[in-house]
Amino acid sequence: MSITSDTIKKFVKNDCPEDDIFYQAMEEVICSISPLLKSDDRYKKYAILERLVVPDRIIKFKVAWLDDNNEIQVNTGFRVQFNNTLGPYKGGLRFHPTVNEGILKFLGFEQILKNSLTGLPIGGAKGGSDFNPKGKSDFEIMKFCSSFMVELHKYIGPRIDVPAGDIGVGGREIGYLFGEYKKITSSHQGVLTGKPFVFGGSLMRPEATGYGAVYFTQKMLEIEAKEPLEGKICTVSGAGNVALHVIEKLQQIGAIPVSCSDSKGTLYDSRGLDLALLKELKLERRVSLEEYVKTHESAKYTPVSEYPEHAHAVWDIPCYAAFPCATQNELNETDAHNLITNGCESVTEGANMPSTLEATAAILSHKLCFAPAKAANAGGVVVSSFEMSQNAAMTRWTFDEVDEKLKLTMQQICTRVALTAKDYGVEGNYVDGANIAGFKKVADAMIAEGI
Ligand code: NDP
């Protein structure tokens, strides 16, 4: 059977409206890898593309749990085990009301190529639930996580599938999930990453994605002979795990992050963000960014209702480097043009696919440096893989050891992506470089493993 790229697009498009986001991710990859597919007919002969775009399996299950009023609530849980050619399935769990099969297929598909780019032995997966953690008590979160794991534990294991966190799933949730897994199986093993340090987590896992995105950007700017980040104004979106650690690392290297955002609005502090206050607001008190301006009167808070039409306030702030770190499709074509007009030189995707296809095209055509998510935000899964190694060897690495290995790995990914782009005649295009390098490794391994 031979399926062309057009047929795959059509197949996905017609499959289910939820799959539009998956189709968007696939379209970008298929466009990037077409020179590779044309240059080597083994990929067609072994139907690699046709096999790669279909998940190995999608597990869908009911999660019934008791809320604090002793009323039964019911949510849906998912695990998309996409591809385990390079190693055990690996990818985060997302708890958010928007979670559906299409979003998890898009994230799982991206994860295959991202994990391939790291050079580490891990396959691609993603999972989660439409459960909304916002406004839930600690006990409700605990009860939900326990019920979720009662089903999920049947399908995971240190050599089978190792989930981690994502939106709505941090150290607290991973801890509750791990506790339930241990209770059910009587086995203390590295079946989840992102665990709290006291029972098997790796130092630096919380910081890894954000720090890694900054390390990648530093290397990309060096390769592209652009000015470094030190002393430069940077804009960041999001105010969660990835965003806060991008801000932290930018400040450590002497850059000046001036913005962040959440689902309710955007914060702009032209004097540079007060990170300690942000952590207090978002990690401890879990309140709106609007609180920030109560103690920092020169800062400006723009609620979503006051955003310019078809644009996001955060991308209208002049900057040298932009770091979208909130969610998918949060940077559209209008936003891209605002960044370009305001003199931005570099965009790094901390979130998964935060830029629309049109925004990416505009950014690339104006020759800005552009670090795509599957390469730039790989730091999280890199340190997750380090956590698996530490768990398997029953050992612990120091913060500095992990940081050094992370930095080196992000630099290696960046160099590999840049060289691949050059080899395939698209020098400076890190989107094509990442897609080709990520795809080629998995594809060659799939051929070697047979059908
Ligand atoms: P968190 O849940 O910690 O934070 C997400 C942040 O984004 C929150 O501040 C949230 O605001 C904000 N947000 C959500 N939707 C919007 C929106 N529409 N507009 C503006 N802000 C919004 O998630 P993470 O930081 O972990 O993840 C962020 C992104 O990074 C996701 O795309 C994730 O897949 C990706 N990623 C995460 C990794 C990790 O290690 N955590 C690894 C690799 C990728 P609010 O609080 O109001 O909901």
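Tutor: Let's start with a side-chain pair: Thr217 and Thr348 are joined through their side chains by a polar contact of 2.8 Å. Keep in mind that this is a predicted model.

Student: OK, and where does Thr217 sit?

Tutor: Thr217 is part of helix H8.

Student: Is Thr217 buried or exposed?

Tutor: Thr217 counts as buried, because its relative accessibility is 0% and the cut-off for buried is under 20%.

Student: What does the side chain of Thr217 reach on the backbone?

Tutor: The backbone oxygen of Ala213, at 2.6 Å. Not counting residues up to four places away in sequence, Thr217 also touches Leu229, Phe323, Ser346 and Thr348.

Student: What lies 2.8 Å from an oxygen atom of the ligand?

Tutor: That's a polar side-chain atom of Asn352. A side-chain N or O atom of Arg94 is 2.9 Å from a ligand oxygen, and for Gly168 a backbone N or O atom lies 3.3 Å from one. The ligand taken alone exposes 900 Å², and the protein buries 81% of that.

Student: How far apart are the C-alpha centres of domain 1 and domain 2?

Tutor: The two centres lie 26 Å apart. As for contacts, 15 residues of domain 1 meet 11 residues of domain 2.

Student: New topic: which helix is Leu117 in?

Tutor: Leu117 is in helix H5, which covers residues 101–117. Leu117 counts as buried, because its relative accessibility is 1%.

Student: And which residues is Leu117 in contact with, leaving aside neighbours within four places in sequence?

Tutor: Lys374, Ala375, Ile413, Arg416, Val417, Ala434, Ala437 and Gly438.

Student: How many residues apart along the chain are Leu117 and Thr409?

Tutor: Leu117 and Thr409 are 292 residues apart along the chain, with 9.9 Å between their C-alpha atoms.

How values were computed
Residues are numbered from 1 along each chain as its sequence is written. This is a predicted model: local features need pLDDT of at least 70, side-chain atom pairs count only at pLDDT 80 or more; totals for chains, interfaces and linings use all residues. Side-chain values use heavy atoms; hydrogens and water are left out. Helices (H or I, at least four residues) and strands (E, at least two) are DSSP runs, numbered from the N terminus. Buried means under 20% relative accessible area, exposed over 50%, partly exposed in between (1.4 Å probe, protein chains only). Contact means heavy atoms within 4.5 Å. A polar contact is a pair of N or O atoms within 3.5 Å; within protein, one must be able to donate a hydrogen and the other to accept it, and residues adjacent in sequence count only if both atoms are side-chain atoms. Accessible areas come from the Shrake-Rupley method with a 1.4 Å probe; for residues, only the protein chains shown count as cover. Domain bounds come from an automatic or database domain assignment.
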